[in-house]
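Please consult the sequence and the model while reading the numbered points.

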Amino acid sequence: MLDDGPTRIGVSRGDGSLQLGEDAKGYAFGANKDGYADGGQSFKMNNNEAKPYGLELKKGDIVGTSIDLEKGKLQFSVNGNLFPQAYALDDSRKSGGGALFPAVSLKDTAYVNMNFGEKPFRFKPDNQHMPICQASEENVIPSQADCWQINPADVTPGVDISPNGQGAQSELGM
């Protein structure tokens, strides 16, 4: 995380909510459903249900997401410290019926850099996990979404968003 602000990091199906973790198609770690960590506690969130999990995220933290599709296991880490299993994925996701994609929801001043393994990791995953960029071709499914989207209903004042969420314009000096 490069700056403080409500952040959720995780995975989602391509047709999941832009508010990561607020539907059954997205699995999030970070801010709760109100958009904030609560008293230093972060949350795991799926289907709009937030439960305490891990540590509070702060500027400079490095969040990792680990998925074991054979065991249906999703877990997160912060600065190399792996937390217990956050979610057990259902059989449809384990067998490829619901492809999962990296996803992030940000609000206010939050922003992040993503590394899918193109650059060396500061905290390397264990030998049972590999970076997304090293996945074999038969395990890769292209996303049907256009690159990135912004939720037009949840933006910082002064930023104009196109109705499809794919264009943004800001007036400086407000």
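**Note on the core and its aromatic contacts**

1. The largest nonpolar core has 14 residues, and those with the most contacts inside it are Tyr27, Phe29, Tyr53, Val63, Leu74, Phe76 and Val78. A nonpolar core is a set of buried Ala, Val, Leu, Ile, Met, Phe, Trp, Tyr and Cys residues joined through side-chain atoms within 4.5 Å. Two or more residues come to this core from each of strand 1 (7-12), strand 2 (26-30) and strand 6. The most is given by strand 6, with three residues.

2. The model is predicted: local features need pLDDT of at least 70, side-chain atom pairs count only at pLDDT 80 or more, and totals for chains, interfaces and linings use all residues. Residues are numbered from 1 along each chain as its sequence is written, and side-chain values use heavy atoms, with hydrogens and water left out.

3. The chain holds one helix and 11 strands, in the order β-β-β-β-β-β-β-β-α-β-β-β from the N terminus. Helices (H or I, at least four residues) and strands (E, at least two) are DSSP runs, numbered from the N terminus. Of the 174 residues, 32% are buried; buried means under 20% relative accessible area, exposed over 50% and partly exposed in between, with a 1.4 Å probe and protein chains only.

4. A search of the whole structure finds six aromatic pairs. Tyrosine 53 and phenylalanine 76 form one that is edge-to-face, at 6.2 Å centre to centre with 80 degrees between the planes. Because tyrosine 53 lies in the loop between strand 4 and strand 5 (63-68) and phenylalanine 76 in strand 6, the pair ties together parts that are 23 residues apart in sequence. Rings of Phe, Tyr and Trp (its six-membered ring) pair if their centres lie within 6.5 Å; planes under 30 degrees apart count as stacked, over 60 as edge-to-face and the rest as tilted.

5. Tyrosine 53 counts as buried at 6% relative accessibility, and phenylalanine 76 counts as buried at 0%. Ring pairs also link Phe29, Tyr53, Phe76 and Phe83 into a cluster.

6. Strand 3 (residues 43-46) and strand 4 (residues 49-52) pair in the antiparallel sense over four bridges; two strands pair if DSSP finds at least two bridges between them. They form a hairpin with two residues between them, and asparagine 47 in the turn has a positive phi of about 55 degrees. Methionine 45 stands opposite alanine 50 in strand 4.
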